[in-house]
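Hi everyone, thanks for coming. Let me put the structure up, and then I'll walk you through a few things I looked at.

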Amino acid sequence: MDSLHLDDNTRLLVLTGAGVSAESGIRTFRGADGLWEDQPVEKVATPEGFAADPRLVWRFYSERRAAAGACEPNAGHRALAEWERRLGERFLLATQNIDGLHQRAGSQRVVELHGSLFRTRCAHCTRKPFEDRTVYPVGHLERCDECRGLLRPDIVWFGEMLEEENLRQVRDFLLRGDTRLVFLAVGTSGAVWPAAGFVDGARGVGGRTWLVNADPADNTDRFHHFVQGRSGEVLPRLAVFD
Ligand code: OAD
């Protein structure tokens, strides 16, 4: 297996997807046993789906909350947290995952591109999103204290914009001219934008690009290096600190 060399002159941007949590027991979205195989995505992961049947949507995300809360971070999450301890400001983790497992493994510089399962916000007013770990009973709907509108999970659904502040953090890190950029994508199918395009952003500033994935991703050919395997097995052995 090739080694990912990291030295004092390197900064590392990591992008993770559902595959990094698969070994913790969290289902991925696509593929044979994927969540979207048995759940029409437009019903539970779009604003239109929420407007049509908010109870179904809350049931889905309450189940996800319960499942994620019962899982533990795995060796892949822990390896990334360890790299951050060594690299400090020269490390940034952008995740498409909403399960909170990176933070529980000790990662601190985390950009949650798709929001968090454990935050709730108002679907109508601008009240700040708040931490919420409640697993609501089936059929229950919660209303906003301020405007009485329906509350919803603080998750970016299909057809919605990502938080500009999150994209800015990734862009600023990509464009930092002080060090040599390495970009590593882990456990993501490369099917969802804008994250699928980060590899091209990294190449655009001369970065070396790595993919660690159980199967080839849609954009594998955009990477300089592809290591096929499970992240919990590959990541703990991948990095060499020079
Ligand atoms: P996907 O389910 O599309 O892809 C998961 C990828 O992880 C696949 O390419 C698998 O081969 C790979 N994989 C599975 N187990 C692995 C393991 N143990 N180690 C390494 N790789 C493994 O998930 P994402 O790419 O994260 O968005 O999906 C992106 C977005 O699409 C999600 O954030 C979600 C979804 O719709 C929203 O809900 C808004």
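Before we start, one term: a residue is called buried when its relative accessible area is under 20%. And please keep in mind that this is a predicted model.

With that, let's go to helix H10, residues 231-238. Which of its residues are buried? They are Ser231, Gly232, Val234, Leu235 and Leu238. Looking down the axis of H10, these buried residues fall within an arc of 165°, so they line one face of the helix.

Next, the ligand. It is surrounded by 23 residues, and Phe29, Arg30, Thr188, Ser189 and Asp215 are the closest. That shell has 8 nonpolar, 11 polar and 4 charged residues. The ligand taken alone exposes 790 Å², and the protein buries 92% of that.

Finally, aromatic rings. The whole structure has 7 aromatic pairs. One of them is Trp58 with Tyr136, edge-to-face, at 5.1 Å centre to centre and 80° between the planes. Trp58 is in helix H5 and Tyr136 is in the loop between strands E6 and E7, so this pair ties together parts that are 78 residues apart in sequence. Both count as buried, Trp58 at 2% relative accessible area and Tyr136 at 12%.

Phe183 and Phe223 are stacked, because their planes are at 20°, with the centres 6.2 Å apart.

Notes:
Residues are numbered from 1 along each chain as its sequence is written. This is a predicted model: local features need pLDDT of at least 70, side-chain atom pairs count only at pLDDT 80 or more; totals for chains, interfaces and linings use all residues. Side-chain values use heavy atoms; hydrogens and water are left out. A residue is near a molecule or strand if one of its heavy atoms lies within 4 Å of it. Accessible areas come from the Shrake-Rupley method with a 1.4 Å probe; for residues, only the protein chains shown count as cover. Ala, Val, Leu, Ile, Met, Phe, Trp, Tyr, Cys and Pro count as nonpolar, Asp, Glu, Lys and Arg as charged, and the others, Gly among them, as polar. Buried means under 20% relative accessible area, exposed over 50%, partly exposed in between (1.4 Å probe, protein chains only). Helices (H or I, at least four residues) and strands (E, at least two) are DSSP runs, numbered from the N terminus. The arc is that of the directions from the helix axis to the C-beta atoms. Rings of Phe, Tyr and Trp (its six-membered ring) pair if their centres lie within 6.5 Å; planes under 30 degrees apart count as stacked, over 60 as edge-to-face and the rest as tilted.
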